[in-house]
Amino acid sequence: MIANPDEAWMRRALVLAREAAVLDAEVPVGAVIVLDGKIVGEGRNRMIGSNDPSAHAEIDALRDAGRRLGNYRFPGATLYVTLEPCVMCAGALVHARIARVVYAASDPKTGAAGSVFDTLISERHNHRIEVEGGLLADEAGEMLREFFRSRR
């Protein structure tokens with residue numbers, strides 16, 4: 001039994017974030033979707049390489065989960081992501097019926113789980129998502145800072 005499964009899944013998301021930066025020269029964001037204790041979807045940022053503004057890590061993970069599960073909805077699933085989701089991703093997560101989102105670093109510019117927008121936690125939606133932020137935030141934040149420092 002894993003002592004802290006949330007931390008273990010977030011560490012996998014951090015690995016994907018590193019891959020985004022190192023292998024793809026993308027902003028280091030990784031995402032993992034877990035259902036019934038198993039990974040059903042993984043993703044990392046791919047916007048630049050794919051010339052697709054919607055290719056965020058969360059969307060990549062949702063697409064992967066859809067292929068694996070043969071469905072577009074994932075009730076009971078948890079998304080682990082290294083950066084607070086943006087409005088676009090938050091909307092997709094609501095439509096996918098994700099039950100819970102755990103994110104590492106807050107996004108003070110475009111975060112949609114309470115930092116800037118309340119999209120992910122809005123009571124106006126017909127589906128509620130439980131949100132927890134800050135898990136391994138220092139590691140994720142340092143990875144982001146290091147990536148942007150290297151680009152300046």
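**View 1. Surroundings of Thr82 in the predicted model.** Leaving aside its neighbours within four places in sequence, Thr82 is in contact with Met10, Ala13, Leu14, Ala17, Pro28, Val29, Gly30, Ala104, Ala105 and Ala140. The model shown in this and the following views is predicted. Thr82 belongs to strand S3, which runs over residues 78-83, and with a relative accessibility of 2% Thr82 counts as buried. Among the residues in contact with Thr82 is Gly30, whose backbone nitrogen is reached by the side chain of Thr82 at 3.1 Å.

**View 2. Glu26 in the loop between helix H1 and strand S1.** The loop that holds Glu26 lies between helix H1 (5-24) and strand S1 (30-35), and the relative accessibility of Glu26 is 1%, so this residue counts as buried. When neighbours within four places in sequence are left aside, the contacts of Glu26 are Ala20, Ala21, Asn45, Arg46, Met47, Ile48, Gly49 and Phe147. A polar atom of the Glu26 side chain lies 2.8 Å from the backbone nitrogen of Gly49. Between Glu26 and Ala3, which are 23 residues apart in sequence, the C-alpha to C-alpha distance is 32 Å.

**View 3. The aromatic pair formed by Phe147 and Phe148.** The structure holds 1 aromatic pair. The ring centres of Phe147 and Phe148 are 5.2 Å apart and the ring planes stand at 85 degrees; because planes over 60 degrees apart count as edge-to-face, the pair is placed in that class. Phe147 counts as buried at 9% relative accessibility, whereas Phe148, at 34%, counts as partly exposed. Phe147 is also one of the residues in contact with Glu26.

**View 4. The largest pocket and its lining.** The volume of the largest pocket is about 540 Å³. Its lining consists of 22 residues, of which Val27, Leu83, Asp107, Leu144 and Phe148 are the closest to the centre of the pocket. Helix H5 (residues 137-151) supplies the largest share of this lining, with 5 residues. By residue class, the lining of the largest pocket comprises 10 nonpolar, 5 polar and 7 charged residues.

**View 5. Arg73 and the residues it contacts.** Arg73 lies in the loop between helix H3 (57-69) and strand S3, and at a relative accessibility of 31% Arg73 counts as partly exposed. Apart from neighbours within four places in sequence, Arg73 is in contact with His95, Ala96 and Arg97. A polar atom of the Arg73 side chain lies 3.3 Å from the backbone oxygen of His95. Arg73 and Ala90, separated by 17 residues in sequence, have their C-alpha atoms 14 Å apart in space.

View 6. Arg97, although it is not a glycine, has a positive phi of about 65 degrees. Its place in the chain is the loop between helix H4 (87-95) and strand S4 (100-105), and its relative accessible area of 19% falls under the 20% limit, so Arg97 counts as buried. Leu136, likewise a residue other than glycine, has a positive phi near 60 degrees. Leu136 is found in the loop between strand S5 (130-133) and helix H5, and with 16% relative accessibility Leu136 counts as buried.

Note on methods:
Residues are numbered from 1 along each chain as its sequence is written. This is a predicted model: local features need pLDDT of at least 70, side-chain atom pairs count only at pLDDT 80 or more; totals for chains, interfaces and linings use all residues. Side-chain values use heavy atoms; hydrogens and water are left out. On a 1 Å grid over the protein atoms alone, a cavity is a set of points where a 1.4 Å probe fits but cannot get out, and a pocket is an open set with protein on both sides within 12 Å along at least five of seven lines; lining residues have an atom within 4 Å of a point. Grid points are joined across faces, edges and corners, and a volume is the space filled by probe spheres set on the points. Helices (H or I, at least four residues) and strands (E, at least two) are DSSP runs, numbered from the N terminus. Ala, Val, Leu, Ile, Met, Phe, Trp, Tyr, Cys and Pro count as nonpolar, Asp, Glu, Lys and Arg as charged, and the others, Gly among them, as polar. Rings of Phe, Tyr and Trp (its six-membered ring) pair if their centres lie within 6.5 Å; planes under 30 degrees apart count as stacked, over 60 as edge-to-face and the rest as tilted. Buried means under 20% relative accessible area, exposed over 50%, partly exposed in between (1.4 Å probe, protein chains only). A polar contact is a pair of N or O atoms within 3.5 Å; within protein, one must be able to donate a hydrogen and the other to accept it, and residues adjacent in sequence count only if both atoms are side-chain atoms. Contact means heavy atoms within 4.5 Å.
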